[in-house]
Amino acid sequence: MEIRKATSADVEAVAAVEAACFPAAEAATEAEFRDRLAVYGNHFLLLFDEDRLVGFIDGFVTDEKDLRDEMYADASLHDEQGAWQMIFGLNTVPPYRRRGCAGRLIEALKTEARKEGRKGIVLTCKDKLVPYYARFGFVSEGVSGSTHGGVTWYQMRLTF
């Protein structure tokens, strides 16, 4: 398996993986991915099994300490010099789950964020995933202010 940064040519494959991983109310659209890739493609890591995209992790960088819902849809809020790497999505297609794919992507993003001198990484997740992210060093900060997709989200932070 190989991890590489995304380009605009990957937008259709990324949107297809997103649609396979999230309910429509929570999934980013192809247009949103097109915007994201144009603005912060270098913060978008793709995992391939040969030529098949099996997962990805993405999010922009900001000086804001907390992840806000507006960030998902507004790529212009990205600040390449920002202190915090946000994670907007971690996706693994169903046949590749429970095989360490998501963990590989998390570790790769951690490595990138450290190399870039970030303070850490922030994400939101559903309650059942809090223990999973804790295994990678993320600490729960409790229920976030997010109402994305109409569900309850927990903010987690990894500080370097």
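## Close-up views of a predicted model

**View 1. Thr 124 in strand E7.** Thr 124 belongs to strand E7, which spans residues 120-125. The model shown here and in the following views is predicted. Thr 124 counts as buried because its relative accessibility is 10%, and buried means under 20%. The side chains of Thr 124 and Tyr 72 are joined by a polar contact of 3.0 Å. Not counting residues up to four places away in sequence, Thr 124 touches Leu 67, Tyr 72, Ser 144, Trp 153, Tyr 154 and Gln 155.

**View 2. The largest nonpolar core.** This core holds 38 residues, of which Phe 33, Phe 44, Leu 46, Ile 57, Tyr 133 and Phe 138 touch the most other members. Two or more residues each come from helix H1 (11-21), helix H2 (30-40), strand E2 (44-49), strand E3 (52-58), helix H4 (101-115), E7, helix H5 (130-134) and strand E9 (154-159). H4 gives the largest share, 7 residues. A second, separate core has 11 residues, among them Tyr 40, Trp 84, Met 86 and Phe 88.

**View 3. Surroundings of Phe 33.** Phe 33 is one of the residues that touch the most other members of the largest nonpolar core. With neighbours within four places in sequence left aside, the contacts of Phe 33 are Val 11, Val 14, Ala 15, Glu 18, Ala 28, Phe 44 and Phe 56.

**View 4. Ile 57 in strand E3.** Ile 57 sits in strand E3 and is also among the residues with the most contacts to other members of the largest nonpolar core. Its relative accessibility is 0%, so Ile 57 counts as buried. Ile 57 and Ile 87 are separated by 30 residues in sequence, while their C-alpha atoms are 7.0 Å apart in space. Ile 87 is also one of the residues that Ile 57 touches, not counting residues up to four places away in sequence.

**View 5. Lys 110 in helix H4.** Lys 110 is part of helix H4. Lys 110 is buried because its relative accessible area is 8%, with the limit for buried set at under 20%. Leaving aside neighbours within four places in sequence, Lys 110 is in contact with Ile 121, Phe 136, Leu 158 and Phe 160.

**View 6. The largest pocket.** The space in this pocket is about 970 Å³. It is lined by 35 residues, and those closest to the pocket centre are Phe 22, Leu 90, Arg 97, Leu 129 and Tyr 133. Elements that give two or more residues to the lining are H1, H2, helix H3 (70-73), strand E6 (89-92), H4, E7 and H5. The largest share, 4 residues, comes from E6. By residue class, the lining has 18 nonpolar, 7 polar and 10 charged residues.

**View 7. Loop residues with positive phi.** Glu 50 lies in the loop between E2 and E3. Its phi is near 60°, a positive value in a residue other than glycine. Glu 50 counts as exposed because its relative accessibility is 73%, and exposed means over 50%. Arg 98 is located in the loop between E6 and H4. Although Arg 98 is not a glycine, it has a positive phi of about 65°. Arg 98 has 87% relative accessibility and therefore counts as exposed.

Conventions
Residues numbered from 1 in each chain as written. Predicted model: local features only at pLDDT ≥ 70, side-chain atom pairs only at ≥ 80, totals over all residues. Heavy atoms only, no water. Buried < 20%, exposed > 50% of the residue type's maximum accessible area, 1.4 Å probe, protein only. Polar contact = N/O pair within 3.5 Å; in protein donor to acceptor, adjacent residues only side chain to side chain. Contact = heavy atoms within 4.5 Å. Core = buried A, V, L, I, M, F, W, Y, C linked by side-chain atoms within 4.5 Å. 1 Å grid on protein atoms, 1.4 Å probe; cavity = no way out; pocket = protein on both sides within 12 Å on 5 of 7 lines; lining within 4 Å. Points joined across faces, edges and corners; volume = space filled by probe spheres on them. Nonpolar A, V, L, I, M, F, W, Y, C, P; charged D, E, K, R; others polar.
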